Each structure stands twice: as structure tokens, then as C-alpha cells.
Amino acid sequence: MKQRAEHHYLLNAIKEPSSVVPFSVAQWNILLFQAKQAGMLATLTNCFQQQQVWDQLPEQVQGQCQDALQFAKYLQRNARWEINRLRRILYPAGYQITLLKGAAYLFHNIPVSEGRLLADVDLLFAEEDLPTIESLLVDNGWACAKQNEYDKAYYRQWMHELPPYRHRERLYDVDIHHRILPRTSRLNPDPSLLLNAAVPLTEPGLNTLCFPDMVLHAVVHLGYDADYHNRIRDLYDIDQLLKYGEQHVADFWLQLQERAVKLGVTSPLVDILWLLQQFFATSVNEKLLAELSRQPTPIQRMKYWAMPEAILPLARGQARLQKKLACQLLYLRSHWLKMPPLLLLHHLSRKAWMRATGKA
């Protein structure tokens, strides 16, 4: 796997931005395509600028990079504004908004947020507060974005979030979470532990998860997701969060381990730390890894083959049978982990029928 990663244009450019300086036109075409596929062109632009190789790039490349960076900044301004609108609705009614993922990185000014695309925002609330919060959203111009009744019921009965809400005029989406994994998942971190450890931001009414929980949420989100296609950005996020934690959070690795054990998410943490070492040679606390790791099971060996295969974007027009197989295996694995077998069979059959009849 390491050999395959070493020859990947996007991965190499992120790790060593100066390596792109002698690129030919054909090589730039591959790199820019891979960066766009992964949603990382703005992030890559930041890497070029920080490593002071910007002036050595071709003018045409600079143009595409600047456009991507401006678009990312626009999305971030938009996210800040929408969060401000939501705060104006919910804070006077007595509700604290806990920002998740990209919005949390943005409001903490963590470097990984620079160039990160924020198409929507993810928020966490106590489940018992959701009926009132939904009423407040509807009264202020938001509506459920899902039209299919099966999809709505699926979210409400089995998922970790409500069906997405969309503002009727601004067409902006917000995901309202009440936990970080589906309620039927084999791992089910107690959301009250996350909310009780949340930290306030300077703006009243806004919180984020504490930093170790922020990292673990990113780990769980990637480790349990069904779609690994081109998810190198998510892995890069975690790599950067770990580096930030090492530099800015006292006893970071100890806190991370303790929270992982308390939340019951040591298994995905081990998987993602292994992946990080393969892709980014991330400096991982070896004692933590040794304490959390166990002898790989057959399922883990399958994961360790499929995750790297699925996660790297290919060049334009390139196809790999192994990548398709890996994505399918990880898709089935994710649903297997998230649902009991009979429910999984019913759900996959229902979705297949909906796609076949054009009702999906």
C-alpha cells in the first residue's frame, strides 16, 4: 500500500508541496483533477502558499487555485452567517448550539479549516430538545429537505440525525444530530458524555465538542461511514487535528485515549491511526496504539486492504476494479455495523426497489 501511495500525485503534493515545481502539463492535469475530486484544491492552495512555492507555479495553475480558495472562503462566510441566524433563533429560546466538524474547526480557527469546503453545517443537540427545535426552525423559514416518506422515517427511527433541514429561501442545509452514530449502530457513544464535556465559544449560545471529542468524532465519521470514495480529505483533517492537539492541548494523547475508552470508540481510532501512518507517516503515540490494538480479525484485515484502495482519487478516465470492489465492501461493512441483519436486509431491499422504480 505504501508503494501505491508514494506514487499518488495529490498525496505527494500535500506532504511535499515543493515536489510540484517541475511538473509537466500532463502531471498538473492529473494533480488538479485529483484535488478537485477530493474537494481539496483550496487546501492544496494553502499548502503551496505556506510552503512558499506559490510564485514558482504556472500562471494557469495559480488561477484555478485562487478560484478554489475564494470559493472556500465564500462557503465559510456563508456558514458563519447561517450559524449566526440559527443562534438568533435558538439561543433566546434557551438552547445551546454545539457545532460539529468543519464549523467547529472554523470557529476555533484551527489551521485545518483553511481552505476547507463547508457546504452545510452540522449541529448537536440533546434528543429531548429536538421537537421544540424543529418547531422553531419551521417557524423561521426552514423545512425538511427530504420528500420521500420512507427516507424521513428512516432518519427518525434509525439514524443519528433528523432528515436534513433546508431554508426555503436561502436553500442552505443544516444537519441536526442527536448522537454521532446511528442509534442501531454496534458502537453507540453516549451523546450526553459529548454534550456535558462541550466547551463554550466566545459568542453566547455556541459550543463545540472538547478537542479530544472533536478528533474522535472525525475518526468515527470516517471509520464508520459507508462512502470511502475519495475520502482522503477526511483523513487529512484528522492528521492535521492530531498535529494541532500535540502542540496546543496538554496531555493530548492521554486525553484522547481516555475519551476513546469512555465513549467506546477505540476500534475506529485504531483503524484510522493505522491509516494515517500509511498515508501521512503521522506521528502516533506508539504506547496508545499498542494498548488499543489487538490481533487483527479477518474483518480488520479486509478493512486494511480496502480502506487505502478506496480512499485515493484516481486520474481522469482511470478505473480500477480493486477500487470499485473496495468501495462496495466498505459500503456493506458500514451498513452491517450500523444495522441489525434483518433491518439491513429490509433497508437495502427497499432502497434497491426505490432505485429500480425511480422513487429513490
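Reply: Let's begin with helix α10 (residues 211–223) and helix α12 (residues 252–263), whose axes come within 9 Å and cross at roughly 60°. Axes here are lines fitted to C-alpha atoms, for helices over the stretch in contact, and angles run from 0 to 180 degrees between N-to-C directions. Helices (H or I, at least four residues) and strands (E, at least two) are DSSP runs, numbered from the N terminus. This is a predicted model: local features need pLDDT of at least 70, side-chain atom pairs count only at pLDDT 80 or more, and totals for chains, interfaces and linings use all residues. Residues are numbered from 1 along each chain as its sequence is written, and side-chain values use heavy atoms, with hydrogens and water left out.

Me: What do you call the way α10 and α12 sit relative to each other?

Reply: They are oblique to each other. Angles under 35 degrees count as roughly parallel, over 145 as roughly antiparallel, 65 to 115 as roughly perpendicular and the rest as oblique.

Me: Which residues of α10 and α12 make the contact?

Reply: From α10 there are Phe211, Pro212, Asp213, Val215 and Leu216, and from α12 Phe252, Gln255, Leu256, Arg259, Ala260 and Leu263. Contact means heavy atoms within 4.5 Å.

Me: And how do the residues of that contact divide?

Reply: For α10 with α12, eight are nonpolar, one is polar and two are charged. Ala, Val, Leu, Ile, Met, Phe, Trp, Tyr, Cys and Pro count as nonpolar, Asp, Glu, Lys and Arg as charged, and the others, Gly among them, as polar.

Me: OK, another pair. At what angle do α3 and α4 pack?

Reply: Helix α3 (residues 25–37) and helix α4 (residues 41–50) pack at about 120°, with axes 8 Å apart. That makes α3 and α4 oblique to each other. On the α3 side, Trp28, Leu31, Leu32, Ala35 and Lys36 meet Leu41, Leu44 and Phe48 of α4. The residues in this contact of α3 with α4 are seven nonpolar, no polar and one charged.

Me: Which side chain does Thr208 have a polar contact with?

Reply: With that of His108, at 2.7 Å. A polar contact is a pair of N or O atoms within 3.5 Å; within protein, one must be able to donate a hydrogen and the other to accept it, and residues adjacent in sequence count only if both atoms are side-chain atoms. Not counting residues up to four places away in sequence, Thr208 also touches others, including Thr98, Leu99 and Met214.

Me: What about Leu137, where is that?

Reply: Leu137 is in helix α7 (residues 130–139) and is buried, with 1% relative accessible area. Beyond four places in sequence, Leu137 touches Leu86, Trp142, Tyr165 and Ile176.

Me: Which residues have a positive phi without being glycine?

Reply: Lys101 is one of them, with phi near 50°, and Leu171 is another, with phi near 55°. Lys101 is in helix α6 (residues 101–107) and counts as buried at 16% relative accessibility. Leu171 lies in the loop between β4 (165–167) and β5 (173–177), and Leu171 is exposed at 60%.

Terms used. Buried < 20%, exposed > 50% of the residue type's maximum accessible area, 1.4 Å probe, protein only.
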